[in-house]
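Here are my notes on this one, point by point. Have the structure open while you read.

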Amino acid sequence: MIEVRDLYKRFGKVIAVDGATFRARDGEITGLLGPNGAGKTTTLRCLYTLMRPDRGQVLVDGIDAAVDAVAVRRRLGVLPDARGLYKRLTARENINYFGRLHGLDAATIRTRTDAAIAALDMGDIAERRTEGFSQGQRVKTAIARALIHAPTNVILDEPTNGLDVMATRAMREFLKRLKGEGRCVLFSSHIMQEVAALCDRIVVIAHGRVVADESPDALRAQTGETNLEDAFVKLIGSEEGLAA
Amino acid sequence: MNPAMIVFLKEVRENLRDRRTVINTLVTGPLMAPLIFVLMMQTLITRELSKAEKPLPLPVVGAAYAPNLVAALKQQNVDIEPAPSDPERAVREQDTDLVLRIPEDFAASWKKGEPAQVEIVYDDSQRDTGSSVARLRGMLEQYNRQTGALRLVARGLSPAITHPLAIADRDQSTPQSRSSNLFSMLPYFFILGGFIGGMALAIDTTAGERERQSLEPLLANPVPRWQILAGKLGATTAFAITTVLLSIVAFAFVGQFMPTEKIGMTLQIGPRFVAWTVFVMLPLAALLSTLQTLVAAFAKSYREAQTYVSLLMFVPVVPTLLLSVMPFKVQAWMYAVPLMGQQIAITRLLRGDSVLPSSMLLSFACTTVAVIVLCVIAAQVYRSERLAISA
């Protein structure tokens, strides 16, 4: 479970996150939906303690990120916006590196890596050096790497960014699977259909503020629009940055 | 396993797979210093030897006006050559090193007993001419003295009256100390070796990691940032130290075969030299690696980091130049200054001068303290938010 309370973060004169409050529950997929520049990435970066918020509180499974950042990171699996791999290492070695940094033993890493390779259908690339990987292959490796420690909470920043149709479908299936395993899944997106198809709960964020935090159905009811996209436009007050 | 150790092993493994880095660390860095040095020595030795033994080729203008002088020069192993039509131009354009010009009125002045002028035409800015000019001048002076003495004797005077002073040279230099200026450059080559060895990793583990967008996922791991930094610094230092070690060993090996004794120089490149040089260079290699990492961490991109780190390479030149251009008396405190201490220590070791173990320890300790201070600064830089963000 991830809780964000009154999060506030500014860079110079730009207020990136302006008092955001929401909650992502275990066994649910929570979508952080907003146009480009709404503050999604900054919010997530505060969650996985890459940044310190100027104000507000981040709780992961009840642990305060400001108090014990390392313990928070231990409970999170993170697929950041930046998902670079080490190109001179194989996919398996990339995964192995993070497993070791999480303090896992070799046998556990091996079992989990094999499982992830099967689940993400990446058997053909596992022993290849990641130089020259396609975008989809890179994302798969990055996900396997981020989840090697079987975290209860998973944060993904625009996970389908740059993926083709097939890879996007596979990614959605994978997120549902994580949910089925009882994990708390929080991902950001600016793509309406994606959020509508996947999420149990939608947190709409605009100009650093949470403008809605509902289930898809409640969201339609709240705005009086039957179409979720219209509901979204109505919420953020403009069509700016909205991808079809 | 300690997270810093995991980072260390991964960086070493990854960079060992990069052929260019490996070649720089194991070949280019270590061999560059000894090779440049050997080439320099060889040129110098060959030149000195050939100059001293070979006949001196000497174009002479107006040789006919002073047949006796020319004959005396020939006796001293000078090859008299026909003169070029324009001696000044020939010298300027390096067609010949020097030209001796005997004016038309030489014989007339000579017979009258007045000083008869001869001219040596040469270009002092040409490195090669110095010893030839000195050789010719020595011969002319000798001829001058001989003839003068003969004239005095002919007038019934003792030649001794023209020498109220008898000057005797008592040179206190040793073969080693004579070679010292040449060797004051050597420490810089070792330092440069360390620089080259650590450079690729310093950039790859900081700016490179950020540019390929792998730093943010890395920092999402449950490991304190300073431990990640420690692993990266350790890997960079390990590469730099490998290069320095190989460089010193390669130099010691190659140095054995340099025929320095032919020009009266002796190098002290024994186990003592190797052991102490390694001892003072170890913390310096760490210092350079930390400095490189720190500088590269500020860079926004790989390219920018390369520029910064390359500029940094000129920093160690400063003490080298300072010490070779304005030689000053070595004071004990100088060993405490990183770079300068190593510079002095290695030069003195090579010359076979005494170096106190306490001075070596001082150099080691002070450089180590500098390393620690830089590490603390680097750790502070690593704590900043700006560092982690890729784009």
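**Notes on chains A and B**

1. Chain B has 17 helices and four strands. Helices here are DSSP runs of H or I with at least four residues, strands are runs of E with at least two, and both are numbered from the N terminus. Keep in mind that this is a predicted model: local features need pLDDT of at least 70, side-chain atom pairs count only at pLDDT 80 or more, and totals for chains, interfaces and linings use all residues. Residues are numbered from 1 along each chain as its sequence is written, while chains are lettered from A and ligands numbered from 1 in the order in which they are written.

2. On overall form, chain B is more spread out than a compact globule, because its radius of gyration is 30 Å, well over the 21 Å that the globule rule gives for 391 residues. (That radius is taken over C-alpha atoms, and the rule is 2.2 Å times the number of residues to the power 0.38.) The C-alpha trace of chain B spans about 100 × 45 × 35 Å along its principal axes.

3. As for burial, 36% of the 391 residues of chain B count as buried, meaning that 20 or more other C-beta atoms, placed from the backbone, lie within 10 Å of the residue's own.

4. Now the sheet in chain B: it is open, has four strands in the order β2-β1-β3-β4, and its pairing is mixed. Two strands pair if DSSP finds at least two bridges between them. The edge strands of chain B, β2 (78–82) and β4 (119–122), each pair on one side only. Strands β1 (residues 56–61) and β3 (residues 98–101) of chain B run parallel and are joined by two bridges. Across that pair, Val61(B) stands opposite Arg101(B).

5. Chain A has a parallel pair too: four bridges join β6(A) to strand β7 (residues 153–157). Gly77(A) has Val154(A) in β7(A) as its bridge partner. Are the residues of β6 (residues 76–79) of chain A buried or exposed? Both faces are covered, with Leu76(A) and Val78(A) buried on one side and Gly77(A) and Leu79(A) buried on the other.

6. Finally, the contact between the chains takes 23 residues from chain A and 21 residues from chain B, where residues touch if their C-beta atoms, placed from the backbone, lie within 7 Å. On the chain B side, α1 (3–16), α10 (215–219) and α17 (385–388) each supply at least two residues. The most come from α1(B), with four residues.

Notes: Two residues are in contact if their C-beta atoms, placed from the backbone, lie within 7 Å. A residue is buried if 20 or more other C-beta atoms lie within 10 Å of its own, exposed if 12 or fewer, and partly exposed in between; C-beta atoms are placed from the backbone.
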